[in-house]
Amino acid sequence: MLIKLTGGTVYDPASGIDGKKQDIYIKDGRIVNQPGPDVQVDKEYDLAGKVVMSGAIDMHTHIGGGKGNIARTMLPEDHRQDPVHRTDVTRSGCGHAMPSTFVTGYRYAEMGYTAAFEPAVLPINARQAHMEMADIPILDKGGYAMLGSDDYLLRMLTAKKDQKAINDYVAWTLNAAKAIGIKVVNPGGISAFKFNQRKLDLDEKNSHYGISPREILQVLATAVKELGVAHPLHVHGCNLGVPGNMDTTLDTIQGIGGLPMHLTHIQFHSYGTEGDFKFSSGAAQIAEAVNRNKNITIDVGQVLFGQTVTASGDNMRQHANHKHASPNKWVCMDIECDAGCGVVPFKYKDQNFVNALQWAIGLETFLLVDDPWRIFLTTDHPNGAPFTSYPHLIRLLMDKSFRNDMLATIHPEAQKMTTLASIDREYSLQEIAILTRAGAAKLIGLHDRGGLSAGNWADITVYTDNADREKMFAKPDYVFKDGELVVKDGTVVHTKWGTTHIVRPDWDPSVEKDLQKYFDRFLTMKVGNFKISDDEFMDIGCGSLTAHPLKGEVA
């Protein structure tokens with residue numbers, strides 16, 4: 001079947017197209033070149049006056065894994081029946097801060113998203129994470145495997161294993177967990193918490209292993225680069241949420257020695273200690289460092305006001321923050337020899353000084369980083385806000401007048417501590433297409449998503465241009481997933497299933513000899529159960545796998 005999208009205004013940064021009227025043709029799920037005059041079009045959509053972009057990609061959103069299920073269990077009051085009428089092609093669901101799997105897929109698709117990536121897949125729990133994500137309709141998925149506080153890696157570093165051995169372990173983990181990247185959460189800090197350390201700075205030694213976070217970051221960033229994994233080491237740094245942590249973040253950027261590194265939810269790592277409240281914005285200094293260091297990419301983790309739940313592997317920082325729980329209940333737990341988990345409900349308030357300044361810090365960061373290809377739109381769902389708030393965030397970035405109106409309503413002392421009112425920048429549609437589509441696909445290494453050129457999968461979103469950008473991005477006219485119409489006028493009309501994106505770096509098979517001994521001695525799971533095979537991945541209902549080339553390989 002040949003589909004023609006006629007006369008839309010296309011924003012496709014991956015192809016250098018910025019607001020050009022252009023027809024798009026779809027056949028067998030992919031975008032194709034314009035066919036000859038004798039080829040019949042089976043279905044045509046008139047998109048005159050419409051804005052056309054590729055499907056949006058959320059490169060950091062917590063949508064699979066044990067922490068999400070804990071959050072759902074803890075917050076029954078957050079779960080309400082979805083008020084939107086659903087047809088028989090959909091399944092009911094509920095939840096605001098941490099919605100159920102089906103609702104997650106629907107709400108993303110209804111905003112024009114066609115892919116989302118879970119940033120904290122604990123390898124020992126990867127099977128459950130993939131099964132949960134497999135129950136999310138429409139979206140493509142993928143995950144970043146968590147390393148950096150796991151006992152096996154820390155033992156390797158203590159024993160001074162060489163970089164080749166580290167690389168083999170990282171490659172084995174990526175294959176075993178079916179992941180597309182590597183994530184570090186509070187490097188070494190989750191482990192240190194097990195030994196009663198309540199903080200761990202960048203050059204502070206883990207009391208049990210004698211290894212510092214800086215050493216962990218250096219060896220893992222090197223491994224990711226040397227293995228050819230497209231996505232840089234994905235780093236949740238030290239001292240999240242601590243006043244003064246901007247200095248740790250700046251030191252982390254300098255200390256990585258030019259290696260590619262992605263700093264995630266950087267808003268939570270951009271705090272100074274100035275002012276009467278001993279809490280201030282470090283956004284200008286962080287943005288300057290990012291602008292200067294081309295090896296660094298970031299996503300923001302924007303805070304937006306309202307009820308949510310914070311869910312993280314960083315049980316050290318979650319334990320420190322549990323006194324701020326709202327409602328007053330929380331969970332911190334240990335996970336064998338690998339990591340931990342903390343879930344703390346939270347309500348961000350515009351009349352709370354700290355919350356209000358967090359809101360401003362995130363927006364300052366968005367507006368002060370020059371290169372839209374190296375910054376990405378996230379709320380660290382659900383930690384800063386639910387992902388359903390993205391259209392509101394986009395309006396804040398694109399509309400200075402609206403942004404300043406909002407600024408005028410927050411805590412007055414926070415208004416005094418931010419330069420937000422003086423920043424004139426407004427994001428363009430092309431820039432929004434970069435940080436939510438083309439840039440995200442490039443960062444993750446998706447060679448056939450994030451753009452509208454021939455050969456790409458036909459993940460396409462069509463909007464009615466509207467000066468109110470929140471309304472525009474909240475309700476697209478059409479969303480196509482792999483060439484199939486899944487959303488019309490902001491409502492799901494068809495359910496299908498996406499693929500799971502992975503990489504397959506090679507490793508020395510001898511690495512399993514030591515791992516076998518380690519598993520037999522220390523873990524309750526056997527190494528054979530830890531690994532997810534391709535066949536099992538299909539058998540447990542996780543759908544197809546799409547393996548992307550490593551750097552230097554041909555797609």
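Select helix 15 (residues 429-444), which gives the most to the lining of the second largest pocket, with three residues. Helices (H or I, at least four residues) and strands (E, at least two) are DSSP runs, numbered from the N terminus. The model is predicted: local features need pLDDT of at least 70 and side-chain atom pairs count only at pLDDT 80 or more, while totals for chains, interfaces and linings use all residues. Residues are numbered from 1 along each chain as its sequence is written, and side-chain values use heavy atoms, with hydrogens and water left out.

**The second largest pocket**

Next, select Ala230, Pro232, Lys442, Leu443 and Lys551, which lie nearest the centre of this pocket among its 18 lining residues. A pocket is an open set of points on a 1 Å grid over the protein atoms alone, where a 1.4 Å probe fits, with protein on both sides within 12 Å along at least five of seven lines; lining residues have an atom within 4 Å of a point. About 400 Å³ of space lies here, a volume being the space filled by probe spheres set on the points, which are joined across faces, edges and corners. The lining has eight nonpolar, five polar and five charged residues. Ala, Val, Leu, Ile, Met, Phe, Trp, Tyr, Cys and Pro count as nonpolar, Asp, Glu, Lys and Arg as charged, and the others, Gly among them, as polar.

**The largest pocket**

Move to Asn321, His324, Phe346, Tyr348 and Gln358, the residues nearest the centre of the largest pocket, which is lined by 35 residues. Elements giving two or more residues to that lining include strand 15 (306-312), strand 17 (339-348) and helix 11 (353-368). The space amounts to about 730 Å³.

Seven bridges join strand 15 to strand 17, and Val309 stands opposite Pro345 in strand 17.

**Two packed helices**

Finally, select helix 5 (residues 163-177) and helix 17 (residues 511-522), which pack at about 70 degrees with their axes 10 Å apart. Helix 5 is therefore roughly perpendicular to helix 17, a term that covers 65 to 115 degrees. Axes are lines fitted to C-alpha atoms, for helices over the stretch in contact, and angles run from 0 to 180 degrees between N-to-C directions. Asp168, Tyr169 and Trp172 of helix 5 meet Val511, Glu512, Leu515 and Phe519 of helix 17, contact meaning heavy atoms within 4.5 Å.

Methods:
Parallel < 35°, antiparallel > 145°, perpendicular 65-115°, else oblique. Pairing = 2+ DSSP bridges.
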